[in-house]
Every structure is written in structure tokens, then in C-alpha cells.
There are 2 protein chains.
Amino acid sequence: MSIMSTRDSDKKPSRGTRGPDRVTAVNLRDVAAHARVSVATASRVFADNPNVNAESKARVLASAEQLGYVVNGLARAMMGRGQQTIAFVVRAMIGPTFAAIAAGVESIAGRNGHMVLMSATEGDPERERDLIRILRELRVRSVLLVGSTESDASFDERAAGYARDLAQVNASLILCGRPPIASHPDLVSVNYDQSAGVSAAVDELVRLGHRRIAYIGEGRGMTTAELRLSGYEEALRRHNIAIDPSLVRTAANLEADGARAADELLRSGVAVTAIVTMTDNIAIGAYRAARALGIRLPEELSIVGFDDAPIVGDLTPALTTVRPPFFDLGVRAAEIALDLAPPEHVLLPVQFMKRDSAIRPKA
Amino acid sequence: MSIMSTRDSDKKPSRGTRGPDRVTAVNLRDVAAHARVSVATASRVFADNPNVNAESKARVLASAEQLGYVVNGLARAMMGRGQQTIAFVVRAMIGPTFAAIAAGVESIAGRNGHMVLMSATEGDPERERDLIRILRELRVRSVLLVGSTESDASFDERAAGYARDLAQVNASLILCGRPPIASHPDLVSVNYDQSAGVSAAVDELVRLGHRRIAYIGEGRGMTTAELRLSGYEEALRRHNIAIDPSLVRTAANLEADGARAADELLRSGVAVTAIVTMTDNIAIGAYRAARALGIRLPEELSIVGFDDAPIVGDLTPALTTVRPPFFDLGVRAAEIALDLAPPEHVLLPVQFMKRDSAIRPKA
DNA sequence: CGTTTACGTGTAACTAGTTTCACAAAAACG
DNA sequence: CGTTTTTGTGAAACTAGTTACACGTAAACG
């Protein structure tokens, strides 16, 4: 122990010479040395390579246990082994919608041993770009761009650019909750049938006998707003009902703004027996505005929402609305991201939730 | 070009000899070679090291651009540079609560250039353990264990074990949305004052003149259930009102089960003028049950919820409830995770939301 | 009993960047 | 004009694991 210490080795605990503060600790080399095998053998043990003698394996495992060794997943990932990552990029992490889509993605990722990275852009293209850069550097498997986006060429080009950049590192971009981009049809979209949802609402109202059907929603500019509005227009057209611009009102997706728009509509004097709204939020605003004006719901005014947010079935009257398959949306997107499903556009059906807020109009 | 090709180098495009399919591509060496500098210099360029000649830097940048080089964040992370990761581990990704906490965490992480990894345990300890292992391997900065957990010694020990295991790789464990663990007080908890929230509800009801106040919530077993129930008991005790076991009912955090429990309570014949519920979900169930029995709300029965879920202010009557600071919860936890705040227990105040569902009792 | 096959293992070269150290050239100082 | 300091750079050694290849032993086969 003492005499042979000429110089050469003496096997200090390997480590990085300087940096005495570096606590990080035990690596594969240490374990291998402790178990008196080569790094290769030790590596094989942790990679579940069967070509390892049971005894060696036991020794390595014991050494690992003793030294508190933890495989470095980063090094593994660098080699292309180990978990992969799906990035979930959303405008804002808000509400049950986001949660449900995220849950769908996570369930598939988790089941397949992959991880989900989540981030919010706050609608800032700068941040969006930054995120894509970081995710590229992190070599994620796929980026899910989730939710409604600006429906303009500027976004389309940006997205196409992201897809190109991601392809460079073998990652894919998947649009989730917005339709395919016309100018880049190869960019996969997983969406639910937003316009059909609103159309179904209008159909039902027409069936009940309504003709003066208003629409309150966000204006042009975002994909969801446009799709839902287009569902309204399409259905009216199909029923040969002229679109009366005074019945189409703009409101942000907020209860308060929905109330404001509904109030203006109802006080404007135009005849209206039913309102279709872009979202449940707006519908609830409409409830409030109508009540404030002494309009009885649903007898004097039918209202249909969209999203089937929790609890809207417990409002008085219970809100008739459209339920999008949010969880499934996440599931399908994740499946494509992980190559468990072919990279084709997906358009999921929505479910019309007939409740009490839409009834036959008076007279 | 030809004669000097004795053997040695000839500098083939670097790459990994075999694996002709490997698309992955350009690495730092390639860029350095293309820019006719050493890897060291090229590295310095991307690490924003100032000790690089402007001209070399420009050349490297140009080469990178031309070759489509993307820094490998995994290699960087392995060296301890680059983004760090906060893991957000939750039982289930459900509802606005989860979303709000997640948004809080993400906002802090994003602002500081870090990433958020999200996963769900589905309440399965096996999956939980697996997740912690993976997160350890991935060398995350911190694991946020979010939401209510089993309030038993078995969980406590498990959590303490996770904390130990994570400490081995310099990561921390932070409990978020549940109280500190008595047997391991060093394990940081970021929570909101759940019992005080329910106490405030009871206080208000007592102030209004109620004495027969029921409680419907989950039974023992989970921290949130216990804290909220204890708030009820504590407040009654403080007001010298005996706790009547027939007024304390068990229901899962589901509207349907809340309705079931409320129905049983209201039909049992015990005198009751107000119900405090563990969650808004249960409160809404109680609304339904009461209505079904022809009980007028709030005249004949006051109800108070907890969570201030979206829209509950739009029910009829508008639900009086307690608003927890979910977003802030995430913010504070993330701040501790990133060492922006000291690792101390945090207990955030809740806000009592006085609306219309709790009024003076008749007679 | 000799040959073939299977098994187990170590060496060394890979995955991709970062950083220390030494050293040169250029700029600043005396 | 000589010395000191600054600036820039490259070689090589690090971060941590994986794996192709070569080689030796041992069991199975003929």
C-alpha cells in the first residue's frame, strides 16, 4: 500500500482534478473500477445488454448501489438512447382546455417512456422563436404547437420555418388545435371540427324554429375564431337564411366582453331569438347581459356555447354547447409525434351537448 | 491533394465512420473545420466567450449558418451549461387548478431560461418511483410534487426517499399544494392556507347566524381533504359549536358524488341551514341535490364552496367560495426550485369570495 | 479429442461540447 | 526600444456513456 506508490496512478477517485466543489459524483468509471470490470461491461449492465455474466452484473449492481451511482440520462440522450421528449408549446397555460390536451399528450408519452416539456409563448413571436431554438438544441422528438394561432401568412411562414428548422435535427412540428396551413399542407395538423360544431348549433336552432340567430365571437385573426364563425355562416347559407351583419358581433373570449357584446346586441333593437357564441365564456357573458336586461332565459332567448367547460351544465338554464375532444386531441397528436400513427391530418368530430338553454322560440 | 494522401487523415467529413443513415449532421468539429479554427475557438463563439477575435467569430458564425449547425443542448447540459429543468409531477393533469399552478411555474422557469417537464403519476406509486428515477437520471434541477397526496407515513417515507435520492444528484424536492411532512420538516412545502379557507367560510356562516353547518368533502386519507375538514372543525370549536357527526358527510370530489352526499344529508332529517363543501365541484352537486328536493337556494340553504373554479360566480345563486392563489403557488415553488427564494416553507393566504350562495338563515 | 460456436470482456473509438493550460503575437507601457 | 500585458488561439484533457471489434475461454458438437 505504501511502497508501491511511486507516482503513476494511486487511483485517486477519478474526478476532474480541479473543481473540488463538484459534488456531482459517481460516474460509470468509478462503478466499473469498484466492481473490477471495464467501463464497457459496466455500461452493458445498465443498458440491459444480455451479454454480461450474472456474477459481474451482480458485482456492478452492488457497486452502483454502494456508491450511489445514477446513470446520466443526458449522456445517454446524447448517444441517442434514453427517453425522448415531446415539447408542448401553447400560447398560455390556461383553463381546462389546456389541461385536457396536455393530459392526452402526457398519457401517450408516459405510456411509451417519453417525457413532455411544456412552455408558453404568451403570444410573443420572439419567445416562440426562442423556444423553437431551444427545443431544437435540446433535440426534442417533436414540437406540438397547441391551440389557436394567428391566421395570417406571417404565422404560416413562421411555422413552416420552424418545421424546416426542426427537420434539420430530425424533429417534427405538429399543429394541434388549428387547421392545416394551406400553403404548407405537409405540416401535419390535428384538429377537431370547429366549424361543424357551430354549424350543428345553428342547425339545431333552425330546427327549433329560430331564424334570427346572432353570433358573438372573436373577430378574424385567429384560426379558432375564423373556423367557428365560418361554421355559423356556412350553416345559415345552407338554410337559406341571409347573414345579417348586425347579428354578428365581436367579443374577446372573456365573460365580461361577451356580456358587453350581448348587451349591445340586445339593446340595438334588431330582432334576435337566439345567440350562438364562439365559447362558453362568451355565452355566460350573454346570460348575464340578458338577465340584466330582464330577458328570460331560455324562453325569450336561446343561447348556445362552445367548449363544454366544466359546470356549464349546471348553469340555469343548463348551457347547450359543443364538446370538443380535447383529451383525444392530445392523444392523437402525441401518437403522431411518436410515430405510433401516420403523420396525416386528423380532424376529430365534436359532440353537440343538447341541454336547456336552446328551446323553441316564442310565437 | 492526391500525393500527400499517404494514409493518416484526408479528413473525411468527420462523422462516425459507419452508420451511413445517420442524418443527424453537423457538429462543432465540422463548423470549426469549415471556418478554419479549432474546436475550442468555435465553442467559444457559441458560448459567448468574449475572448474571440471578431473576425474569427464572424467566420464561425457564417460557417454555422451555411452548414445548418445547431448546438447540441444535451452535450451542453451534460457539461452543466445550458438550460436546466424543473419537473412538475402531478397526480393527474386535470382542470384549471393544475393549469394555473403549471402556468405559475412555467412563467418563472421561462423568464429564467429554464424548461418545465410535466408528468402525471395517476396516483400510482410505481409510476411515481419510476418518474423520480428518470428525473434523477435526467439531472433535473428540482422536482415539484404538486397537489394533494396521501396523508400517511408510507407517503412520507416515500417522499423523504425521493428527496434523498434527488439530493444525490444535487436536485431538490419541493412539495407544492400540500403541507410540510411532520417527520421530515426539512422537505420544503409551498402551500396555501387550506384550513383557514374553510374556517373563513364557517366564520362567515356563523356571523350570518348559522349554527347547523354541515360539511361535505372527501374523508381522511389525502392532505387536502384533511386540511379542509380540519378548518371546519377548528372553526366550529372556536365558535363553541359542537361538531355533530351527522352533519359531516363524505363525498368524492365529483359533482355527482357531492349531489349524492347532499341528498342523503338533506333527506336524513337532521336540521341544517348551511353546507360547507370541500370543493366547488361538491358544492355544485349540493346545488343540484337541494334543487331536486325543492329547497330554495340560498333562502332555505346556504352553500359555500372552495377553489373558485371558473364560472361558479355565474351560477344561480352565485357561489360563495374560497379562492386559492394557484398561480402564485407555482411561482413561489419555482422560485425556490431555482434558488431565487430561500428554501423555506411557504403558506400563502387564500381569499374569501363573498357572493350570493350564503345568506342569513330564515327564522 | 479436435473443432466450432457461444459467451464474456477489454480496448479504443465514437456521441458533442467545454475548458485549462501553454504559447504566440500584438499592443501598451516604461 | 525593450519589457510587460493583453488578446487570441490550439492541443489536449475533461463532462459521461455507448458500442464495434478483437480476443480469449469454455461449452457443445462431430
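Residues are numbered from 1 along each chain as its sequence is written, chains are lettered from A and ligands numbered from 1 in the order in which they are written. Because the model is predicted, local features need pLDDT of at least 70 and side-chain atom pairs count only at pLDDT 80 or more, while totals for chains, interfaces and linings use all residues.

Start at the DNA. Helices and strands here are DSSP runs, numbered from the N terminus (helices are H or I with at least four residues, strands are E with at least two). Three helices each supply at least two residues of the surface near DNA strand D: helix 2 (39–46) and helix 4 (73–78) of chain A, and helix 2 (39–46) of chain B. Helix 2 of chain A gives the most, with five residues. By class, this surface near DNA strand D has 14 nonpolar, eleven polar and four charged residues. Here Ala, Val, Leu, Ile, Met, Phe, Trp, Tyr, Cys and Pro count as nonpolar, Asp, Glu, Lys and Arg as charged, and the others, Gly among them, as polar.

Now turn to DNA strand C. Two or more residues come from each of helix 2 of chain A, helix 2 of chain B and helix 4 (73–78) of chain B. The largest share, five residues, comes from helix 2 of chain B. The surface near DNA strand C holds 14 nonpolar, eleven polar and five charged residues.

Next, find strand 1 (residues 85–90) of chain B. Is it buried or exposed? Six of its six residues are buried, so the strand is largely enclosed by the rest of the structure. A residue is buried if 20 or more other C-beta atoms lie within 10 Å of its own, exposed if 12 or fewer, and partly exposed in between, with C-beta atoms placed from the backbone. B:Thr85, B:Ala87 and B:Val89 point one way, and B:Ile86, B:Phe88 and B:Val90 the other.

Strand 1 of chain B has parallel partners. Two strands pair if DSSP finds at least two bridges between them. Six bridges join strand 1 to strand 2 (residues 115–120) of chain B, where B:Val90 has B:Ala120 as its bridge partner. Five bridges join strand 1 to strand 3 (residues 142–146) of chain B, and B:Ala87 stands opposite B:Val143 there.

Another sheet of chain B has four strands. It is open, its order is 7-6-8-9, and the pairing is parallel. Strand 7 (248–250) and strand 9 (302–304) stand at the edges with a single partner strand each, so one side of each is left without a neighbour in the sheet. Inside this sheet, four bridges join strand 6 (residues 213–217) to strand 8 (residues 274–277) of chain B. B:Ile213 stands opposite B:Ala274 in strand 8.

How do the chains meet? A:Val116 stands opposite B:Met118.

Most residues other than glycine have a negative phi, and most peptide bonds are trans. A cis peptide bond joins A:Thr316 and A:Pro317, with omega about -5°. Another joins B:Thr316 and B:Pro317, with omega about -10°. A:Arg139 has a positive phi near 55°. A:Arg139 is buried, with 20 other C-beta atoms within 10 Å. B:Asn170 has a positive phi of about 65°. With 15 C-beta neighbours inside 10 Å, B:Asn170 counts as partly exposed.
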